[in-house]
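Me: Please take a close look at one part of this protein for me. I would like the salt bridges and their surroundings.

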Amino acid sequence: MATGQAPFNPVPAMRTYPPVEHPVVVIGPQYLAQYPVELAVNSDFKVSDINGTLIFQVKSKQLSLHDRRLLKDAAGNTLVNLRQKIRTMHDRWEAFRGESKEENDLLFTAKKSKLFQFKTELDVFLGNNKGEVPDFKVKEGYSESSCSILLGDSNTMLAQVTLTKLIYEI
């Protein structure tokens with residue numbers, strides 16, 4: 001390197017991703033990304049991008065018999081109402097659009113794939129799927145801080161989630 005020149009900073013290799021041919025819209029098209037998105041979750045379950053911009057927040061409500069969680073956008077609008085079904089063998093959760101709990105607003109259900117598990121594995125059925133084959137499968141990775149989202153009962157990976165940063169605010 002010649003004197004007086006700045007050191008060369010290599011550009012990291014970037015992967016290009018082909019556009020998804022038939023994207024599955026669960027909540028809304030504005031939440032689809034054609035590229036990996038890095039998000040951070042803090043102890044208040046606020047989800048931010050790598051610049052610290054709030055994207056989502058999760059609010060918990062304990063009802064008399066139901067555990068309930070609300071996924072809200074940055075403006076505080078409820079996107080998804082998650083309700084734990086009581087007395088189910090597979091720990092079933094139902095997700096409804098907005099604050100609704102009406103059957104016609106059901107977005108998806110999720111349940112444990114097996115009664116006894118060493119690693120978490122969930123079957124996810126979209127609202128219109130009344131069959132036995134899940135639309136997606138969520139499998140815990142080698143550690144509790146990672147999981148893979150697979151297409152149906154296949155090994156086709158749609159997404160990989162790794163919790164790399166949990167921010168605790170005091």
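Reply: This is a predicted model. Read along the sequence, the protein runs β-β-β-β-β-β-β-β-β-β-β-β. That makes 12 strands and zero helices. Of its 170 residues, 26% count as buried.

Now the salt bridges. The whole structure holds six. E121, D123, K137 and D153 are linked in a network of them.

Take K137 and E121. Their side chains meet in a salt bridge, 3.5 Å from N to O. The pair links distant parts of the chain. K137 sits in strand β9 (residues 136–140), and E121 sits in strand β8 (residues 121–126). They are 16 residues apart. K137 counts as buried because its relative accessibility is 9%, under the 20% cut-off. E121 is buried too, at 15%.

K137 also forms a salt bridge with D153, with the closest N and O atoms 3.6 Å apart. D153 lies in the loop between β10 (146–151) and β11 (157–162). This pair, again, links parts of the chain 16 residues apart. D153 has 52% relative accessibility, so it counts as exposed, the cut-off being over 50%.

Another of the salt bridges pairs K85 with E94. Their closest N and O atoms are 3.9 Å apart. K85 is partly exposed, with a relative accessible area of 34%. E94, at 15% relative accessibility, counts as buried.

Terms used: Residues numbered from 1 in each chain as written. Predicted model: local features only at pLDDT ≥ 70, side-chain atom pairs only at ≥ 80, totals over all residues. Heavy atoms only, no water. Helix = DSSP H or I, 4+ residues; strand = E, 2+ residues; numbered from the N terminus. Buried < 20%, exposed > 50% of the residue type's maximum accessible area, 1.4 Å probe, protein only. Salt bridge = Lys/Arg side-chain N within 4 Å of Asp/Glu carboxyl O.
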